[in-house]
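Hi,

Here is the structure I promised to pass on. Have a look at it first, and then read my notes below.

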Amino acid sequence: MKLSKAQYDEIAQFLGHVQPTRQSLRKLKEKFPRYLNGVMKNAAAPVLLDLANEVDFAPSLMARIVLERFLQEKEQAIPSKTLINSMLRDPSQIPDGVLANQVYQCTVNDCCYGPLVDCIKHAIGHEHEVLLREMLLEKNLSFIAEDQLRAKGYDKTPDFILEVPVAVEGHIIHWIESKASFGDESSHQAHLQDQFWSYWNRFGPGLVIYWYGFIEELDCHRERGILLKDCFPTDIVTLRHSMAQR
């Protein structure tokens, strides 16, 4: 679907003066009923995807909004988050074939959000956890993995707890957390509050590895017990090594 520059500017101007609320989206739908008109002309055309791209909105988020509104009108009740997530992961569950196709096209063409991106992130995260496990084994460091800790009833746990603490750059380390991402200020602060300080409170000082780097100023809690690295440390000092030097 193509838009003239005037049509695009009209939509962009409208979006610039409304808040991102459901009420605003309803007004947008009333003012620009392009989705329904588009799918009526060609049900297979990526109308919803084109609309998301033209208004610079994430396709998966656009699909979520439309799907939520569709289910709400169909069932006369607000759909659960679990149901929406399930249908986004598997659009064949959506009881409307045309909408199912539109949602599918949005999710597979979104490089930032959505179930496909979540799967990719999960796979990359798992890959780096396996890499970290292999490095610990190569160093002959005994550890307890996250799945073992959860089996013992722990809720919030780091990826690995060292059965015998080590020293890294002069700091004692009891646990190691793997993050297959870049540590920016926003994500790191969220991790501190949701994870790292909980680990510190329960297990003592630890190490976080941001495999894709981090803002160096964020490594400011070393003295309090949280050390940041962008790779597996090469200068690990074990208790056995320390005693041998004596």
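Which residues in the largest nonpolar core touch the most other members? They are Leu67 and Ile94, out of 18 residues in that core. A nonpolar core here is a set of buried Ala, Val, Leu, Ile, Met, Phe, Trp, Tyr and Cys residues joined through side-chain atoms within 4.5 Å, and buried means under 20% relative accessible area (1.4 Å probe, protein chains only). Helix 4 (47–54), helix 5, helix 6 and helix 7 each give two or more residues to this core, with the largest share, 5 residues, coming from helix 5. Helices (H or I, at least four residues) and strands (E, at least two) are DSSP runs, numbered from the N terminus.

Before you go on: this is a predicted model, where local features need pLDDT of at least 70 and side-chain atom pairs count only at pLDDT 80 or more, while totals for chains, interfaces and linings use all residues. Residues are numbered from 1 along each chain as its sequence is written, and side-chain values use heavy atoms, leaving out hydrogens and water.

Back to Ile94: leaving aside neighbours within four places in sequence, Ile94 is in contact (heavy atoms within 4.5 Å) with Leu67, Phe70, Met87, Leu99, Ala100 and Val103. Apart from this core lies another one, of 17 residues, including Phe143 and Ile176.

Now for helix 6 (residues 81–89): its buried residues are Ile84, Ser86, Met87 and Leu88. They pack against helix 5 (59–75), helix 7 (97–108) and helix 8 (115–138).

Cheers

Notes. Buried means under 20% relative accessible area, exposed over 50%, partly exposed in between (1.4 Å probe, protein chains only).
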